[in-house]
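Colleague: I would like to learn how to read a structure one feature at a time. Could we take one example and go through it slowly?

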Amino acid sequence: MIGTPDAPEPAPSAAIADPSSERDRRFMALAQSAADEARRAGEVPVGAVIVLGDEVIATGFNHPIRGHDPSAHAEMAALRAAAHKLENYRLPGCELYVTLEPCLMCAGAIMHARIARVVFGATDPKTGACGSVVDMFANAQLNHHTMVTGGVLADECGHALKNFFAERRRLAREERDARRAREAGLLAATDTSDPTTNPTTTS
């Protein structure tokens with residue numbers, strides 16, 4: 001007898017818990033620690049942890065530049081680590097905490113892994129796939145639905161990102177100014193040594 005495909009599960013609501021709950025803050029703080037590792041490596045500071053019950057089974061941080069890997073987002077790193085730990089590409093019952101709203105790529109991987117719940121910190125108005133740009137998890141046609149809670153430690157997560165980019169812009173300005181100063185110095189030295197630009201009178 002040929003089986004019929006499972007009927008789609010009902011889509012969850014966008015938020016299922018108080019974003020200020022102590023449990024969510026505790027695990028988001030661990031995701032922030034992972035984000036600090038990314039920052040120290042010169043990567044955009046995004047971190048993630050995966051929780052089963054009350055145990056953190058995997059962590060991950062953003063490292064696409066160092067890893068030469070466009071898929072090396074914090075969520076993807078944490079999903080890979082959790083799958084290896086559990087020896088299963090499905091992660092039912094697990095929750096994923098991440099400091100920045102997941103993108104489309106990560107949202108797809110989260111659904112394929114059968115993550116039960118996603119908790120994110122800051123929203124991403126450019127690539128967020130939990131409602132900021134698109135809402136992947138609200139699509140009722142999908143055969144798995146992950147519950148989503150946003151805004152946990154949002155200010156702290158957002159400030160870490162803003163401070164990182166502000167510092168990177170500052171360093172870029174300093175490097176640009178130093179380069180211009182070097183170029184101006186070389187030009188001045190060239191003008192001084194060139195007799196056509198510094199003529200002397202003879203009697």
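Modeller: We will go through the sheet, a helix, some loops and a pocket.

Modeller: This is a predicted model, in which local features need pLDDT of at least 70 and side-chain atom pairs count only at pLDDT 80 or more, while totals for chains, interfaces and linings use all residues. Residues are numbered from 1 along each chain as its sequence is written, and side-chain values use heavy atoms, with hydrogens and water left out.

Colleague: In what order do the 5 strands of the open sheet lie?

Modeller: Strands of a sheet pair through backbone hydrogen bonds, either parallel or antiparallel. Here the order is S2-S1-S3-S4-S5, with mixed pairing. Helices (H or I, at least four residues) and strands (E, at least two) are DSSP runs, numbered from the N terminus. Two strands pair if DSSP finds at least two bridges between them.

Colleague: Which strands stand at the edges?

Modeller: Strand S2 (55-61) and strand S5 (147-150) do; each has a single partner strand, so one side of each is left without a neighbour in the sheet. On average, neighbouring strands of this sheet are turned by 15 degrees against each other, direction ignored. For such angles, axes are lines fitted to C-alpha atoms, for helices over the stretch in contact, and angles run from 0 to 180 degrees between N-to-C directions.

Colleague: Which pairs run parallel or antiparallel, and how many bridges join S1 to S3?

Modeller: S1 and S3 run antiparallel and are joined by 5 bridges; in one of these strands, S3, Tyr97 is the bridge partner of Val49. S3 and S4 run parallel, also with 5 bridges, and Leu100 stands opposite Ala122 in S4. Strand S4 (residues 117-122) is parallel to S5, with 4 bridges, and Arg117 stands opposite Met147 in S5.

Modeller: Helix H3 packs on this sheet and touches strand S1 (47-52), S2 and S3. The direction of H3 makes about 140 degrees with that of S2.

Colleague: Is S3 mostly covered or uncovered?

Modeller: S3 is mostly covered, with 7 of its 7 residues buried. Buried means under 20% relative accessible area, exposed over 50%, and partly exposed in between (1.4 Å probe, protein chains only). Take Thr99, which lies in S3 (residues 94-100). Thr99 counts as buried because its relative accessibility is 3%. Leaving aside neighbours within four places in sequence, Thr99 is in contact with residues including Met28, Pro45, Gly121 and Cys157. Contact means heavy atoms within 4.5 Å.

Colleague: Which residues of H4 are buried?

Modeller: An α-helix has 3.6 residues a turn, so residues three or four places apart point the same way. In H4, Cys106, Ala107, Gly108, Ala109, Ile110 and Met111 are buried. The buried residues of H4 pack against H3, S3 and S4.

Colleague: Where is Cys130 placed?

Modeller: Cys130 is in the loop between S4 and S5. Cys130 is buried, with a relative accessible area of 13%. Cys130 and Gly150 are 20 residues apart in sequence and 8.4 Å apart in space, C-alpha to C-alpha. Not counting residues up to four places away in sequence, Cys130 touches Glu101, Pro102, Phe120, Asp135, Phe137 and Val148.

Colleague: How much space lies in the largest pocket?

Modeller: Rolling a probe the size of a water molecule over the atoms shows where empty space is left. The largest pocket holds about 560 Å³ of space. Of the 20 residues that line the largest pocket, the closest to its centre are Val44, Leu100, Asp124, Leu161 and Phe165. On a 1 Å grid over the protein atoms alone, a pocket is an open set of points where a 1.4 Å probe fits, with protein on both sides within 12 Å along at least five of seven lines; lining residues have an atom within 4 Å of a point. Grid points are joined across faces, edges and corners, and a volume is the space filled by probe spheres set on the points.

Colleague: Which helix gives the most to the lining of the largest pocket?

Modeller: H5 does, with 4 residues. Helix H3 (74-86) and helix H5 (154-193) each supply at least two residues of that lining.
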